[in-house]
Structure formats: C-alpha cells, structure tokens
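Subject: Structure for you to look at

Hello,

Here is the structure I promised you. Please open it and keep it in view while you read my notes below.

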Amino acid sequence: MEPMGLIRTEITLRNPRDRSLAPVTASALVDTGALHLCIPEHLAIQLKLEQLEEREVTTADGIKRLCA
C-alpha cells in the first residue's frame, strides 16, 4: 500500500461576470471529502467576486467559523 500524502493541483479561477479581468492560477490542496470550494479573501478581491451568502464551516482543526 502506498503512503498517504498531501495532493495539490493547479486551478484557474476567473470572474464569470467580468471577462475583462485576467484569470488567476492558484495551487490548491485536494480534499476528497470537501463539499465546497473555499478560496482566500485576497483572490476573491483580486477577481472582484460578489458575496452570495455566509456559511458556518468547521475547519480541519475543529474550529467553527462564519465564512462569506
């Protein structure tokens, strides 16, 4: 059996409403158990993304946070 490790991939993010903004490529940690994608705030700002909702999330360290 192969040892388990962290798996990363490169993803390209863009603002679907504003095609004039350049896409951003970022390194992402793969989590096969995740239900949603979370991106850092600086990427959301850079891409001028609009907030749709807030959710309470539990991070890997067990801490609950309200995230936009």
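Start with one pair of residues. Glu56 has Leu66 as its bridge partner, and Leu66 sits in strand 4. Keep in mind that this is a predicted model.

**The hairpin**

That pair belongs to a bigger pattern. Strand 3 covers residues 55-58, and strand 4 covers residues 64-67. The two run antiparallel, with 4 bridges joining them. Between the strands of this hairpin there are 5 residues. Look at Gly62 in the hairpin: its phi is positive, near 85 degrees.

**The whole chain**

Now zoom out. The protein has 1 helix and 4 strands. Read from the N terminus, the order is β-β-α-β-β.

How does the radius of gyration of the protein compare with that of a compact globule of 68 residues? The protein has 15 Å, while such a globule would be near 11 Å. The C-alpha trace spans about 45 × 25 × 15 Å along its principal axes.

Buried residues are 12% of the 68. Take the contacts with a separation of 6 or more: 21% of them link residues 24 or more positions apart.

**Surface and charge**

The protein exposes about 6,300 Å². Carbon and sulfur atoms supply 54% of that area. Among the side chains, 8 are positive and 10 are negative. The centres of these two sets lie 5 Å apart.

Where does Lys48 lie? Find the loop between helix 1 (41-46) and strand 3, and you will see Lys48 there.

Is Lys48 buried or exposed? Lys48 counts as exposed because its relative accessible area is 56%, and the cut-off for exposed is over 50%.

Lys48 still has partners. Leave aside its neighbours within four places in sequence, and Lys48 is in contact with Asn15 and Leu21. Arg65 is another matter. Lys48 and Arg65 are 17 residues apart along the chain, and 23 Å separates their C-alpha atoms.

Look at the backbone too. Lys48 is not a glycine, yet its phi is positive, at about 55 degrees. Most residues other than glycine have a negative phi.

Best wishes

Technical notes. Residues numbered from 1 in each chain as written. Predicted model: local features only at pLDDT ≥ 70, side-chain atom pairs only at ≥ 80, totals over all residues. Heavy atoms only, no water. Rg over C-alpha atoms; globule rule 2.2 N^0.38 Å. Buried < 20%, exposed > 50% of the residue type's maximum accessible area, 1.4 Å probe, protein only. Contact = heavy atoms within 4.5 Å. Areas by Shrake-Rupley, 256 points an atom, 1.4 Å probe, with all protein chains shown as cover. Lys, Arg positive; Asp, Glu negative; His and termini not counted. Charge placed at Lys NZ, Arg CZ, Asp CG, Glu CD. Pairing = 2+ DSSP bridges.
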